[in-house]
There are 2 protein chains.
Amino acid sequence: MEQQIPYKIYLDETELPKAWYNMRADMSQKPAPLLNPGTHQPLTAQELDGIFCEELVKQELNETDAWIPIPAGIRDFYKMYRPSPLVRAYCLEQQLETPAKIYYKFEGNNTSGSHKLNSAIAQAYYAKKQGLKGVTTETGAGQWGTALSMACSYFGLDCKVYMVKVSYEQKPFRREVMRVYGASVVPSPSDTTEVGRKILAEHPGTGGSLGCAISEAVEVAVKNPGYRYVLGSVLNQVLLHQSVIGLETKAALDKYGVKPDMIIGCAGGGSNLGGLIAPFMGEKLRGEADYQIIAVEPASCPSFTRGKFAYDFCDTGMICPLAKMYTLGSGFIPSPNYAGGLRFHGMSSTLSQLYHDGYMTAVSVEQTKVFEAAEQFARVEGILPAPESSHAIRVAIDEALKCKETGEAKTIVFGLTGTGYFDMVAYEKFHDGQMTDYIPTDEDLQAGFDNLPKMD
Amino acid sequence: MEQQIPYKIYLDETELPKAWYNMRADMSQKPAPLLNPGTHQPLTAQELDGIFCEELVKQELNETDAWIPIPAGIRDFYKMYRPSPLVRAYCLEQQLETPAKIYYKFEGNNTSGSHKLNSAIAQAYYAKKQGLKGVTTETGAGQWGTALSMACSYFGLDCKVYMVKVSYEQKPFRREVMRVYGASVVPSPSDTTEVGRKILAEHPGTGGSLGCAISEAVEVAVKNPGYRYVLGSVLNQVLLHQSVIGLETKAALDKYGVKPDMIIGCAGGGSNLGGLIAPFMGEKLRGEADYQIIAVEPASCPSFTRGKFAYDFCDTGMICPLAKMYTLGSGFIPSPNYAGGLRFHGMSSTLSQLYHDGYMTAVSVEQTKVFEAAEQFARVEGILPAPESSHAIRVAIDEALKCKETGEAKTIVFGLTGTGYFDMVAYEKFHDGQMTDYIPTDEDLQAGFDNLPKMD
């Protein structure tokens with residue numbers, strides 16, 4: 001007999017994962033290595049040490065260890081907001097009149113408002129351990145920047161954040177939250193870096209992009225002794241840290257004997273999706289179980305669904321390493337939609353390889369449909385979701401409605417990555433009927449592809 | 001041997017209280033009854049039924065039943081965000097180097113951002129049960145309005161919110177959150193009511209107050225068939241619903257064999273404080289245990305510490321019942337400080353009686369000191385607190401520092417009523433050194449006292 005599932009499944013503090021899970025160890029086809037943009041040779045640890053913290057470089061390059069222990073100093077911080085709840089969406093199910101069973105892993109129960117804190121605290125921990133003065137980073141929606149500010153404040157590190165200008169303007173209060181935690185925040189592109197000045201000269205009036213902001217943050221880290229650059233998504237190390245999401249999700253489901261049929265996550269650079277699916281993908285890679293895994297991206301920035309699988313720069317300024325990934329071209333600047341966290345031209349190399357090899361699928365959705373789902377969800381489940389997270393809600397609702405048609409009682413799990421408290425401008429536009437959808441034309445995309453680096 | 005206390009104590013869903021606790025049943029000196037403002041006679045249930053829902057009137061007048069069962073329909077909603085965590089502030093203790101043990105009951109883990117949802121859902125439930133079309137209310141900081149919007153959306157009730165103008169302007173996004181949940185929001189005083197027009201004529205350019213907004217909301221409820229007025233604080237029924245906070249707190253502490261020495265809560269109208277202390281006060285009233293109970297109020301609106309214990313109107317427009325309470329006079333409009341939820345001229349009659357009878361003490365604090373505590377707390381405990389809640393943080397820190405002096409290892413519990421995500425304007429002013437303190441002079445207060453209704 002099925003046990004009564006509570007509305008919220010909270011794991012005990014003692015059930016907090018003790019190690020992160022590294023999907024790459026179980027991939028027979030490993031993701032392609034990062035390349036030096038000058039020589040096109042795989043980057044060595046030594047080369048990467050100039051940009052990233054040493055321990056993080058080791059994690060970045062580690063393709064063999066399936067489990068990396070979580071240091072006690074990080075676990076202590078995790079205990080302030082983890083384990084996060086896995087929620088059974090009883091109210092949503094009832095409203096949809098679906099036989100599907102819907103669960104969501106809610107990562108918004110911390111001040112950064114999202115899952116980003118899981119990797120921020122890890123990266124700050126290793127920076128502190130290395131004796132650094134501070135770190136630099138970019139932020140889109142502001143969630144990563146807030147998370148990093150909190151983590152740096154906890155360890156007493158300096159924190160410089162380059163924030164995508166369009167988000168900076170849409171979310172004036174995000175800057176203030178970061179200030180509460182002692183960070184300095186600069187709208188990007190800015191005139192404080194060479195690469196920023198160059199981008200401003202070429203694209204005057206641009207709202208910026210994650211790619212631009214990354215270029216600026218990397219430049220500042222490389223030029224200032226005692227600083228390193230940290231990134232909130234895309235990289236292997238970030239997916240590793242975020243595996244805590246999936247590990248908790250799986251532990252909570254296992255506790256009640258529930259096996260999901262489908263796992264849905266929004267995908268910008270891949271940090272949430274890669275973390276949420278990690279242990280499930282592990283079982284799939286090892287042939288132990290099967291799950292349908294769906295990445296959801298905005299129609300305005302469709303790297304999986306319309307991008308090319310190719311080596312490309314991670315940043316607009318073309319100073320970062322080359323990564324093999326699904327990409328729209330590092331010169332592609334997506335329309336200023338309201339999901340700043342999903343406005344990245346590329347995608348995690350690990351997820352790109354898994355997608356390429358058929359281990360997961362992807363769909364793209366338009367933002368007005370996303371906000372409809374967000375509001376519907378908020379009204380029955382209480383939580384006001386972030387626009388990014390609402391991409392996953394949209395598809396979870398669509399899949400639950402398909403179940404209603406077919407009568408299948410599928411178990412759907414999706415990642416509710418964060419809250420939308422700082423996205424009220426977007427909700428306002430939606431309510432006032434001023435939100436439009438933007439889908440790039442094939443010509444728009446071709447311009448991005450033409451810009452891909454020529455490989456031998 | 002003391003059990004290892006986790007960072008967060010989460011009760012199980014099955015441990016959610018099944019009944020609210022009614023402090024009045026254990027008070028030998030009952031709070032004075034509400035009076036008809038015309039006749040100065042105690043209000044009957046029949047008279048109150050025109051303003052409030054019937055079941056809520058029964059709860060308002062019930063001085064004998066110590067336990068009121070929580071209906072299943074309300075408990076189901078509670079399960080979406082309750083039990084809320086009781087957190088051991090290990091990081092704060094460490095930073096303060098205090099022997100004190102500090103706990104806080106965190107009520108901000110829901111979209112309304114505060115404890116207000118506990119009573120909002122109860123009041124909406126009874127309104128729905130009575131077959132009403134909708135409800136009207138006032139909101140200060142916006143937390144109550146948001147909570148009520150969420151509750152009304154859940155039950156399909158119309159919701160009209162009068163929002164104190166100064167908060168409406170400081171917190172533009174609060175309005176949008178309420179719109180997500182389908183509420184209509186009007187800045188108060190407004191020209192949509194008789195009383196609003198009168199107040200505007202007498203005080204042109206006023207930023208409003210809770211007292212003004214109450215008058216408007218009551219007028220609209222009374223004039224529109226199928227509508228009733230609901231209030232987020234002050235009333236006995238609200239303290240009753242909020243007892244869920246204290247009951248959970250006590251259950252969590254009991255689980256680990258912890259007995260607090262001191263319980264601290266911020267106090268505006270008294271909803272949080274009355275809820276948090278309820279079961280502890282019950283033990284105190286019955287002579288079973290003793291606790292030091294401290295109400296914290298803003299120096300700019302010091303109803304306990306500088307007010308008079310007298311019959312007064314709950315609203316500025318003088319259309320509401322008279323309540324015997326500590327009051328600054330219904331004409332007192334506090335300076336536009338940044339803790340909108342604490343800008344009420346009066347105080348719960350129940351708490352007023354308990355304070356008068358020596359069962360609790362009160363202190364007032366200045367807002368710059370409050371924001372210093374807020375930032376200190378945010379940086380070590382992660383959570384960005386609401387300005388209202390930060391009043392309690394200020395005093396908890398002060399008490400913990402006293403313990404450092406004396407070497408006493410007191411156990412301090414305080415109520416962290418909510419989050420400050422919509423208070424970033426206030427944090428910005430604080431950071432920019434533009435926040436000032438305002439303490440009313442004796443003359444300011446005398447003007448309010450001169451305005452008290454003449455009783456026989």
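# A tour of chains A and B

Begin in chain B by selecting Thr137(B), which stands opposite Val161(B) in strand 7 of that chain; strands here (E, at least two residues) and helices (H or I, at least four) are DSSP runs numbered from the N terminus. This is a predicted model, in which local features need pLDDT of at least 70 and side-chain atom pairs count only at pLDDT 80 or more, while totals for chains, interfaces and linings use all residues. Residues are numbered from 1 along each chain as its sequence is written, chains are lettered from A and ligands numbered from 1 in the order in which they are written, and side-chain values use heavy atoms, with hydrogens and water left out.

Now widen the selection to residues 134-139 of chain B, which form strand 6 and pair with strand 7 of chain B in the parallel sense over 6 bridges, where pairing requires that DSSP finds at least two bridges between the strands.

Next, select Ala310(B), whose bridge partner in strand 13 of chain B is Met325(B). Strand 12 (residues 308-313) of chain B runs antiparallel to strand 13 of chain B, and the two pair over 6 bridges.

Move to chain A and select Gln123(A), which lies in helix 5 (residues 117-129). Gln123(A) is buried, with a relative accessible area of 1%. Leaving aside neighbours within four places in sequence, Gln123(A) is in contact (heavy atoms within 4.5 Å) with several residues, among them Cys53(A), Trp144(A) and His241(A).

Finally, show both chains together. The contact takes 42 residues from chain A and 42 residues from chain B, and the area buried between them, meaning the accessible area (1.4 Å probe) lost on being put together and summed over both, is about 3,900 Å². Which three residues supply 18% of the area that chain A buries against chain B? They are Phe173(A), Val180(A) and Tyr421(A). Between the chains there are 4 salt bridges, each a side-chain nitrogen of Lys or Arg within 4 Å of a carboxyl oxygen of Asp or Glu. To see a salt bridge, select Arg179(B) and Asp432(A), whose closest N and O atoms are 2.7 Å apart.

How values were computed:
Buried area is the accessible area (1.4 Å probe) that two parts lose on being put together, summed over both. Buried means under 20% relative accessible area, exposed over 50%, partly exposed in between (1.4 Å probe, protein chains only).
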